[in-house]
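Subject: Structure handover

Hello,

Here is the structure I said I would pass on. Please open it first, then read the notes below it.

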Amino acid sequence: MTVVRTPSSVGAPRLALTLTAATVMVATNLFGAVSAHAADGPSVPPGTEATATAPVEVDPNDPDLKIPDGATLAEAKVLDIKQVVEDQSGDERREDTNADVKFALQAEVLFGKDSAKLSGEAKARISAIAEEIKTQNATKIRVFGFTDNLGSSAHGDVLSRKRADAVQNVLDQELTDSNVTYEVRGYGEQYPIADNSSESGRKKNRRVEVSFPRTES
C-alpha cells in the first residue's frame, strides 16, 4: 500500500495497474443493488469481504518455479492494488482499488459533537464526492457510518446510521439519475481503522465512508 498526503480534499488520481508473471491482481469488492434505506441485516464495509479465488491455475510441477525438493506450493492468493490519498489534516481520505473508489470523511468535518446535523462545509465536501460519482458513472453507492468506542454500543449504532442517512440525503439531492441505488448502514464502533485507546485514533474511527465502483479502463 502507498500512502500519499496532498493538500487537496477530493482528488481524482488515476490508478496504475501492474501485472507480473508471479502476481495475479484482481478486484474483490462487489456491490449489490439495494434501496437507499436497506435492511439492517449483516453486511460488511468494502475491503473486508473474503478474498476472491485466484483466476489462474498454477502448475506446482513447473520447473521454472524452482521449488526445493520436498516443498509444496502454497495456495494462490489474489492481491488487490490500492492507492490511498489523504489530505494534510487527515480529515478526508480517498482509496482507489482496481474496482472501487472510497471516500472517508471524519465526523468532525461533517457534524457537531454527538450530532447528525450536517454543516455547510460538510455539504460542499459531499457535493464534491457526488461529482466524482458522476465522473465514474457509478449507480450503486454504499454509505456507511462509524463511531469510536466511547459511550454505549447501542447509541453508537443509532448515531452512525443517522449520520450515514444524512450524507446519503445530500448525495441523493446531487445525483438526479433515477438508476442510482444506495446501501446505507450504521456500524457504530465496529470496523475501527485506528486504535481507540487514543483520541487521535478515535477521531479517525468517527467517520462516514462513501464507496462506489470505478470506471473500467
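The model is predicted. Four aromatic pairs are counted in it. One of them is formed by Y187 and Y191: the ring centres lie 5.3 Å apart and the planes stand at 90°, so this pair is edge-to-face, the label for planes over 60 degrees apart. Y187 has a relative accessible area of 6%, and because buried means under 20%, Y187 is buried. Y191 has 28% relative accessibility, so Y191 falls between the limits of 20% and 50% and counts as partly exposed.

Y187 and Y191 belong to one aromatic cluster together with F144 and F146. F146 has a further neighbour: R207 lies over the face of its ring, 3.8 Å from the ring centre.

Next, the residue that follows in the sequence. Where is T147 found? T147 is in the loop between strand 5 (140–146) and helix 3 (153–174). Its relative accessibility is 7%, so T147 counts as buried. The side chain of T147 reaches the backbone nitrogen of E189 at 3.4 Å. Leaving aside residues up to four places away in sequence, T147 touches G156, L159, S160, G188, E189, N205 and R206.

Helix 2 is worth a look as well. It covers residues 120–135, which is 16 residues. From first C-alpha to last, helix 2 reaches 23 Å, close to the 22 Å expected at 1.5 Å a residue. Which residues of helix 2 are buried? They are A122, R125, I126, S127, I129, A130, E132 and I133. After helix 2 comes N137, which has a positive phi, near 55°.

Now the protein as a whole. The secondary structure consists of four helices and seven strands. Along the sequence, the order is β-β-β-β-α-α-β-α-β-α-β. Of the 217 residues, 39% are buried. Among contacts between residues at least 6 apart in sequence, 75% join residues at least 24 apart.

Regards

How values were computed:
Residues are numbered from 1 along each chain as its sequence is written. This is a predicted model: local features need pLDDT of at least 70, side-chain atom pairs count only at pLDDT 80 or more; totals for chains, interfaces and linings use all residues. Side-chain values use heavy atoms; hydrogens and water are left out. Rings of Phe, Tyr and Trp (its six-membered ring) pair if their centres lie within 6.5 Å; planes under 30 degrees apart count as stacked, over 60 as edge-to-face and the rest as tilted. Buried means under 20% relative accessible area, exposed over 50%, partly exposed in between (1.4 Å probe, protein chains only). A charge sits over a ring if NZ of Lys or CZ of Arg is within 6 Å of the ring centre and within 35 degrees of the ring normal. Helices (H or I, at least four residues) and strands (E, at least two) are DSSP runs, numbered from the N terminus. Contact means heavy atoms within 4.5 Å. A polar contact is a pair of N or O atoms within 3.5 Å; within protein, one must be able to donate a hydrogen and the other to accept it, and residues adjacent in sequence count only if both atoms are side-chain atoms. The expected span of a helix is 1.5 Å times one less than its number of residues.
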